[in-house]
Amino acid sequence: MFSKLSVLWRHCALATGLAGGLLTTVPAHAGMADVVAASYTQAADGSYRFEVTVRHADDGWEHYADSWQVIGPDGHVLGERVLAHPHDTEQPFTRSQSGIVIPAGVKRVVVRAHDKKHGWGGAEVTVVIRE
């Protein structure tokens with residue numbers, strides 16, 4: 001039915017020093033949207049449902065985290081969740097997206113977040129895909 005990969009926290013990986021581990025991060029820059037955790041489940045049809053936790057100092061409609069993406073090793077966008085409104089009072093926040101298709105043989109994907117003011121560039125999480 002479903003196989004589940006537990007939530008990956010970038011701080012845990014850094015603290016425990018996972019060699020060749022399940023995730024890596026890119027350092028965050030002030031004001032950018034950071035992915036702080038990502039997990040997935042695989043459905044019976046082979047597609048994936050990602051749950052992604054984002055942290056960003058949302059400041060109204062002009063400056064908020066407005067999407068996250070799952071990126072394949074070739075840079076192709078495999079899935080995206082558009083965030084329709086600011087989360088000023090809910091930080092960090094977690095949202096999911098189903099129906100993400102990951103091609104056979106892909107072992108790792110990167111999850112990144114976007115904000116309306118700064119674009120891409122905050123902390124990313126690399127998720128290992130288990131077969």
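How many residues lie between β4 and β5 in the hairpin that they form? In this predicted model, the number of residues between the two strands is 5, and G75 in the turn has a positive phi of about 90°. Local features required pLDDT of at least 70 and side-chain atom pairs pLDDT 80 or more, while totals for chains, interfaces and linings use all residues. Residues are numbered from 1 along each chain as its sequence is written, and side-chain values use heavy atoms, with hydrogens and water left out.

The chain contains 1 helix and 8 strands, in the order β-α-β-β-β-β-β-β-β from the N terminus (DSSP runs numbered from that end; helices are H or I of at least four residues, strands E of at least two). Buried residues (under 20% relative accessible area, 1.4 Å probe, protein chains only) make up 44% of the 131 residues. Of the contacts (heavy atoms within 4.5 Å) with a separation of 6 or more, 62% are between residues 24 or more positions apart.

An open sheet of 4 strands is ordered β5-β4-β7-β8, with antiparallel pairing (at least two DSSP bridges between two strands). β5 (77-82) and β8 (125-128) stand at the edges with a single partner strand each, so one side of each has no neighbour in the sheet. On average, neighbouring strands of this sheet are turned by 20° against each other, direction ignored (axes are lines fitted to C-alpha atoms). β4 and β5 are joined by 5 bridges, and V70 has G79 in β5 as its bridge partner. Strand β7 (residues 108-115) is connected to β8 by 4 bridges; V109 stands opposite V127 in β8.

H56 is located in the loop between β3 and β4. This residue counts as buried because its relative accessibility is 4%. The side chains of H56 and D115 are joined by a polar contact of 3.5 Å; such a contact is a pair of N or O atoms within 3.5 Å, one able to donate a hydrogen and the other to accept it within protein, and residues adjacent in sequence count only if both atoms are side-chain atoms. Leaving aside neighbours within four places in sequence, the contacts of H56 are G31, M32, A33, H63, Y64, A65, Q91 and D115.

How values were computed
Axes fitted to C-alpha atoms, helices over the stretch in contact; angles between N-to-C directions. Buried < 20%, exposed > 50% of the residue type's maximum accessible area, 1.4 Å probe, protein only.
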